[in-house]
Amino acid sequence: MKARATCPLDCPDACSLLLTLEEGRLSRVEGDPRHPVTQGFACAKTYRYPERVRERLLYPMRRVGKKGEGRFERISWEEALEEIAERLRAILDTHGGEAILPYHYAGTMGLVENQHPLAFFRAIGASELEETICSTAGSAAWEMTYGPRLGPDPEEVPEARYILLWGINSLSTNSHLTPFLKEARRRGAKVVHIDPYENPTSRFADEHIKLRPGTDAALAYALAHLLFRENLVDWEYLKEAATGLEAFQEEARKWPPERAEALTGVPKEAMERLARELGEAKRVFLRVGYGMTRHPGGGNALRAAILLPALVGAWRYPGCGALLSTSGAFPLNKRFLGGRHLLEGSHPHEGYFRPNPRVRRINMNQLASALTRLAPSIRALFVFNSNPLVVAPDTGRVKEGLLREDLLTVVLEQVPTETALYADYLLPATFFYEHPDLYTSYGHYYLSWNEPLTEPEGEAKPNTWVFRELGRRLGLKEPTLYWTAEEVAESLLDVDHPYLAGINLKRLKEEGFVKLNLPKPFLPFRNGPVRFSPPPEVIPTQTLPGYPLILLTPPAHRFLNTTYGNVQALVEAEGGEPRLLIHPKDAEERGITEGMLVYIHSPQGRVVRKAKVTEAPMPGTVVLEGTWWEKWAPDGKGINHLTAETLTDLGGGSTFHSTPVEVEPLRLA
Ligand SMILES: Nc1nc2c(c(=O)[nH]1)N[C@H]1C(S)=C(S)[C@@H](COP(=O)(O)OP(=O)(O)OC[C@H]3O[C@@H](n4cnc5c(=O)[nH]c(N)nc54)[C@H](O)[C@@H]3O)O[C@H]1N2
Ligand SMILES: Nc1nc2c(c(=O)[nH]1)N[C@H]1C(S)=C(S)[C@@H](COP(=O)(O)OP(=O)(O)OC[C@H]3O[C@@H](n4cnc5c(=O)[nH]c(N)nc54)[C@H](O)[C@@H]3O)O[C@H]1N2
Ligand code: SF4
Ligand SMILES: [Mo]
């Protein structure tokens, strides 16, 4: 049987896929030729999804070995749910809801399976997890500047005449933008990549500008400086659309290219050329990535960059302006999704466990501290849609927390991740073609619906099923917790908005995906507002005494965060093990040669990796691509042993690309 489903992964492309199932088992994945953005191809990763499925968890299990050892025995769902409910009840009675913490992110982007489990946690007054690991620095920066998170329609990008890919490796992380970039180029557009190291996107681009990590705001100001100086700004547009321009212009005056060159490492001539070309092209499409926000000053850096297209009036033209995300275009009614209304405070409640609008909030980037330092302490951790042992900063302390004997850890997963090894109860979750769900996208403007294509294999269950069952056992009365996926979707779509006119669940079920009713061409900020004030601050990423290099840990082409990191063919195609990219100059100073094992030290910890000496990174910058599973590293330690809980300037985001490190050859005693 062959049928359509949306790819559930945390990727802007939200592809429409054609799945072949043989006796309920996924055997083949193809891209849907009907979908205007998917255009008939998937990606190097998702073609391998069937191999991922072969590693799946099939039954509930209870720990028998020590924490972290990964020894389990099979139990029934009835036993698992009864025992977990009993432990939770005891914690709720003695310590209250705040002693319970859900840890979840975007293993699936389906709104129902991603968000609706939170209705359970909100109904018992659990600590609220702030979902900050990825996008909040960017979101906060965008919202301060433009408001809703949306931008040009990628399908109109062929109209652009100048394309800036800034702080994004889009050929790897947003690969369905590529055909539109190629078409723009065929029509005469130039493509420029701004990134501290050379990756597939730099090789695709006509020009690659390398800059020191975390110095983007200075580069943006120098470009603005030149645009003002050469009178290449669109005053007419700015008069109508901009607010607070004077203060910004004042700041830009302080950044002549010579000053920015000293900080960013970008030659002044490159800045002058770039500014001239931007100003002359006007039809500029700037694609910014979350990559550039993962620095202490990442929010301000992004703000500085996304103001540039406004200076040249790019928002007047189809396919032009700036794009971080399209997610703000989906006008859904999220009030009841995941029981958000329970946080509003006015909720009449029944029963004994109470929602708590003033509940403790925990930033997910600070899991290490939450598990080891927080008082009153977390007594139960419930992990789903995430692999925190590997993806969260400061793994050493995360592990210390997960080893606590007084912590109940439940992991609801599709595959036996390294987080799962620390579970007291390990529960099997369904895959995206086994449960219904509604999908938006953060890279295009299509809504979609997945109908289950087969019965779940083994005893796997959707996340929402697990939390409904626990809710029943705890006697929770909150009605939205018991909604079906269809009821959740109906509630989400219950909005009177022109973008959603004529779009309902019935139609989504029939057609699979439907585009929002956007005006054509889509010129969202043609009349602004563009808020230049307060002017972005320049907050460069700093090295530390003894740690003179900056480590970047950007996505690998063939993994999606840690998803696919256990698929042998993809691991091999990524080189079999994680490698540290280091510039020949930095390598030579340290006596490091190609293939040598090296220690990488940061204030948080130390790992061992094989060195790859290459001119790809900027000198002073080292790169480790991919959040690899720990087991592939020479020392069995993931890269987040090095990263810190430091938050971004805006939005409480993660700072994965700003780690000060030193590297030295490993000498065996
Ligand atoms: N193949 C693949 N695709 C993915 C993912 C994956 O893991 N693999 N992850 C998905 C997820 S969760 C996300 S959030 C998205 C986006 O994932 P992100 O992590 O935001 O990746 P990108 O946006 O591509 O940005 C990465 C680029 O930013 C660059 N960068 C780092 N610091 C700086 C800086 O200071 N300035 C500038 N100019 N550049 C900098 C890095 O060198 C890298 O090339 O991709 C999604 N798609
Ligand atoms: N050093 C470093 N660390 C990083 C990053 C980086 O660039 N560098 N990137 C960061 C970013 S951008 C992000 S978004 C985070 C991502 O962190 P996570 O969201 O934790 O992403 P994954 O590692 O892909 O893990 C998702 C897990 O969810 C599971 N899953 C999928 N679908 C379901 C489901 O329906 N139910 C259940 N119960 N489980 C499911 C998958 O099997 C997988 O193990 O990592 C961050 N960590
Ligand atoms: S991971 Fe991204 S590019 Fe690959 S199939 Fe899924 S949505 Fe498409
Ligand atoms: Mo992410």
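Why is helix H18 (residues 395-402) largely enclosed by the rest of the structure? Select this helix first: six of its eight residues are buried, so the rest of the structure largely encloses it. Buried means under 20% relative accessible area, exposed over 50%, and partly exposed in between (1.4 Å probe, protein chains only). Helices (H or I, at least four residues) and strands (E, at least two) are DSSP runs, numbered from the N terminus.

This is a predicted model, in which local features need pLDDT of at least 70 and side-chain atom pairs count only at pLDDT 80 or more, while totals for chains, interfaces and linings use all residues. Residues are numbered from 1 along each chain as its sequence is written, and side-chain values use heavy atoms, with hydrogens and water left out.

Within H18, colour the buried residues, among them Arg397, Val398 and Leu402.

Next, select arginine 56 and glutamate 434, which form a salt bridge with their closest N and O atoms 2.9 Å apart. A salt bridge is a side-chain nitrogen of Lys or Arg within 4 Å of a carboxyl oxygen of Asp or Glu. The two partners lie 378 residues apart. Arginine 56 is buried at 8% relative accessibility, and glutamate 434 is buried at 5%.

Proceed to arginine 203 and glutamate 198, whose side chains meet in a salt bridge (3.1 Å, N to O). Here arginine 203 is exposed at 55%, whereas glutamate 198 is partly exposed at 32%.

Finally, select Glu78, Glu82, Glu469, Arg472 and Arg473, which a network of salt bridges links. The structure holds 50 salt bridges.

Key. Chains are lettered from A and ligands numbered from 1 in the order in which they are written.
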